[in-house]
Amino acid sequence: MTSLPPLIRAEDVLSESFSARQARDLDLRHGNEELLYGLNLLGVAGPFTRLSPWELQDVNGERLIMAASYAATPFGEMHPELTDFLRDFMEQNRAMTLPQQSVSPWRAALGANLVALLASQLPSHADSQVFFCSSGTEAVEGALKFAKAYRPNASYFISFSGAYHGKTYGSLSLTPNPEYQDVFRPLVPGALTSPYGNLEALKTLLRRVGPKNVAAIIVEPIQGEGGVIIPPAEFLPGIGELCREHGIVCIADEIQTGLGRTGHWFESAAQGLDADIITLAKPLGGGITAVGATIARADIYKKMLGGLSSKRHSNTFGGGALSMAVGLKSLEMIVEGNLPERSRRLGEQGLARLKRIQGRYPGLLQDVRGQGLLLAMQFHPMVAGSLPLPGAVKELAYEATAILAMRELHKSGVIANLSLSSKRTVRLSPALNIPEELFGELLDRVDDFADRNPSAGKIMTNTPPELLARLGAFAATKPKKRTPSDG
Ligand SMILES: Cc1ncc(COP(=O)(O)O)c(C=O)c1O
């Protein structure tokens, strides 16, 4: 028998005797090296340690307010109410941990609560059913399969320009972003795109392909990764009407917006859309683990998972006790903290502050948008659009604007997110329960960032030329084996 190499012990990581330096080196060597290398060049790769649920510290001892995590940390990092509950769960739970073939009290309780909550907003969902999984993209895959099984003769799915539904094959096929799609073509057949927010264009598309040939329309009530795009008021109800008229399955992707982020329990319901299927994920995991859910009307659910076909769609980990317990407690914390309402109120203050910053520095911010604690700053391009640069270089410069803005925000003590489908937009999505004082401080820091970067061009001149050169070389070269010292 060959002898095993010395392995890193879990206790060493827990006790931090496994150093930040070791973590960085090994994560770069064996993880998504290029991504981490780029982030490391920018000085935003961490690793970070937690000071409180809402504040982190970087390797240089700088204190940062967390406004990122792609909207997946409703209570910040390891909120004590959740971790105390989990300690009890670990000690006291006697239910099976992976109850794939048996009844689970945890899954039962979370499923019932989700349906009750949804039905309180949309009574037609009173007898809906839930399929649990372990990510947002998997929740979307489930939704697409439910729709297809319900309308087996229909071969089209419609999503919208700027949409983001995930990166597995089905959800990717409905995420019309060439950067993510092109190398994987041919995609899942039948994926069509209509302009977001434009009901007339959707009607035209339906007439062109024939509504009976459309299995489902999938829509984000507010586009998150698309840069926090809020559609016109008639758009979502109009989609609902079209779906009802033609029997098309309507899927509201609430993975980013749902459960309070945008100030409502379900943004689609609040905007007058009674979708047939709702997908949820991010906040259900409490910022701790992966929980996804596809909620479907009973007739749709049973079409895919009826009788002997009830094993037609399955997974190993969905509905596991730990993730269901986290989901159950997270939902309870959102309800008891009245977090959707809080998110709406704080979000209004936040957006007003961002608008004031835009008013002060119109050469920095082209637009600010938001609803609830999903806020976006869209920057002007760092290099003037009129410069005679090749298209690809201009594209890169546009993308670099948000990347370098993120670095500058970091220097002001704010961890922000890029928007995966909107190149010049940076998002702020702090915890829904962030203390008000800290939220005020977060906005003060954005103020500070803007004072230091009064125009988009200044973001570039504030970036050391050597770093610009290294970033340029990084963008221009083919992937190669990096050494951490490269960064
Ligand atoms: C609306 C929406 N759908 C789907 C997804 C994919 O979720 P995940 O990253 O958990 O696969 C996301 C992620 O950002 C999202 O915002």
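The model is a predicted one. An open sheet of seven strands runs in the order S4-S10-S9-S8-S7-S5-S6, with mixed pairing. Around the ligand there are 15 residues, and helix H6 (residues 136-150) contributes the most to that shell.

**The sheet**

- From one strand to the next, the twist averages 20 degrees.
- Within the sheet, strand S8 (residues 249-253) and strand S9 (residues 277-280) are paired in the parallel sense over three bridges, and alanine 252 stands opposite isoleucine 278 in S9.

**Helices H9 and H10**

- Helix H9 (residues 199-209) packs with helix H10 (residues 235-246) at an angle of about 20 degrees, and their axes are 10 Å apart.
- Because angles under 35 degrees count as roughly parallel, H9 and H10 are therefore described as roughly parallel to each other.
- The crossing in which H9 passes H10 is right-handed, and the contact is made by Leu199, Leu202, Lys203 and Leu206 from H9 together with Phe235, Gly238, Ile239 and Leu242 from H10.
- Sorted by class, the residues in the contact of H9 with H10 are six nonpolar, one polar and one charged.
- H9 also lies across strand S5 (156-160), S6 and strand S7 (214-219), and its direction is at about 145 degrees to S6.

**Around the ligand**

- Of the 15 residues around the ligand, those that come nearest are Gly136, Thr137, Gly166, Ile255 and Gln256.
- Helix H6 gives three residues to the shell around the ligand, which by class holds five nonpolar, seven polar and three charged residues.

**Backbone details**

- Most residues other than glycine have a negative phi, and most peptide bonds are trans.
- The peptide bond from glycine 46 to proline 47, however, is cis, with omega near 10 degrees, and proline 47 is found in the loop between helix H3 (33-42) and strand S1 (49-52).
- A cis peptide bond is also present from arginine 185 to proline 186, where omega is near 0 degrees, and proline 186 lies in the loop that runs between helix H8 (178-181) and S6.
- Leucine 259, although it is not a glycine, has a positive phi of about 65 degrees, and this leucine 259 belongs to the loop between S8 and helix H11 (267-270).

Note on methods. Residues numbered from 1 in each chain as written. Predicted model: local features only at pLDDT ≥ 70, side-chain atom pairs only at ≥ 80, totals over all residues. Axes fitted to C-alpha atoms, helices over the stretch in contact; angles between N-to-C directions. Helix = DSSP H or I, 4+ residues; strand = E, 2+ residues; numbered from the N terminus. Parallel < 35°, antiparallel > 145°, perpendicular 65-115°, else oblique. Left-handed = near helix turned anticlockwise from the far one by under 90°. Contact = placed C-beta atoms within 7 Å. Nonpolar A, V, L, I, M, F, W, Y, C, P; charged D, E, K, R; others polar. Near = placed C-beta within 6 Å. Pairing = 2+ DSSP bridges.
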